[in-house]
Amino acid sequence: MARSWGKIGDRINIVSDLVDTENYGRELLIVNARLLLKHLCIYIKTIFDMNNIVWKMAKPNDGYEWPICAAAKDENITYFTSFKYTDLWTNFIYNMPLTDTIYARGGVALFIFLFSGVIWILQERCRFLIVLLPIIANSGMLLIAVPAQDPRYILPGIECAIFLIAIIFGPDREKSNLHNVEQVESGI
């Protein structure tokens, strides 16, 4: 919304100039607060339409993404041999609808955050919930900041989700230690 290639177009430059030259920032915040209070549902729907890369699992019909693998290769750059393989892998992931959803949208990662929280509560391991605080804070700030439809914004969340899957489905250290103690005590 704050870019000239967005829905507003070049008219955003007028607002940008007013903010820079005439201290219009305060008035802009007041206008947004009034819009939020008078048209709460429309305001929230519009915000969530713009920040859908953070929470949506699939690319919207009118949406777009800027994946790195779609960038043109530069003839002035010398690529390592490994780039050929990683580029093939990245293009494969980007062109497959299911994997594209996982790596280029934040919805799956947010689901994993919620899923891990529920699992830890059911397992009575609530102390693990503290791990989710910075992740949820980052995702919350992205929802407010309304980033562009660029996977780089949600990459930290995806990386954290991978680790959470390993914690949830990995071996339970407490049970393993208890089992080892029982084996030692029984003489095995």
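This is a predicted model: local features need pLDDT of at least 70, side-chain atom pairs count only at pLDDT 80 or more; totals for chains, interfaces and linings use all residues.

Colleague: OK, which residues touch the most other members of the largest nonpolar core?

Modeller: Val54, Phe113, Leu132 and Leu164, out of 17 residues in that core. By nonpolar core I mean buried Ala, Val, Leu, Ile, Met, Phe, Trp, Tyr and Cys residues joined through side-chain atoms within 4.5 Å. Buried is under 20% relative accessible area, exposed is over 50%, and partly exposed is in between (1.4 Å probe, protein chains only).

Colleague: And which elements give two or more residues to it?

Modeller: Helices H4 (52–55), H7 (107–122), H8 (132–145) and H9 (155–169). H7 supplies the largest share, seven residues. Helices here are DSSP runs (H or I, at least four residues), numbered from the N terminus.

Colleague: What is Phe113 in contact with?

Modeller: Skipping neighbours within four places in sequence, the list is Leu132, Ile135, Ile136, Ser139, Gly157, Cys160, Ala161 and Leu164. Contact means heavy atoms within 4.5 Å.

Colleague: There's a serine in there. Is Ser139 buried or exposed?

Modeller: Ser139 counts as buried, at 11% relative accessibility. Ser139 sits in H8 and touches Val54, Leu110 and Phe113, again not counting residues up to four places away in sequence.

Colleague: Switching topic: how many salt bridges does the structure hold?

Modeller: One. The side chains of Lys45 and Asp49 meet at 3.2 Å, N to O; the criterion is a side-chain nitrogen of Lys or Arg within 4 Å of a carboxyl oxygen of Asp or Glu.

Colleague: How far apart are those two along the helix?

Modeller: They are four residues apart in H3 (residues 40–50), so about one helical turn separates Lys45 and Asp49. Lys45 is exposed at 53% relative accessible area, while Asp49 is partly exposed at 45%.

Colleague: Now the backbone. Where is Asn23 found?

Modeller: Asn23 is in the loop between H1 (12–22) and H2 (25–38). Its phi is near 50 degrees, a positive value in a residue other than glycine, and Asn23 is exposed at 62% relative accessibility.

Definitions and conventions
Residues are numbered from 1 along each chain as its sequence is written. Side-chain values use heavy atoms; hydrogens and water are left out.
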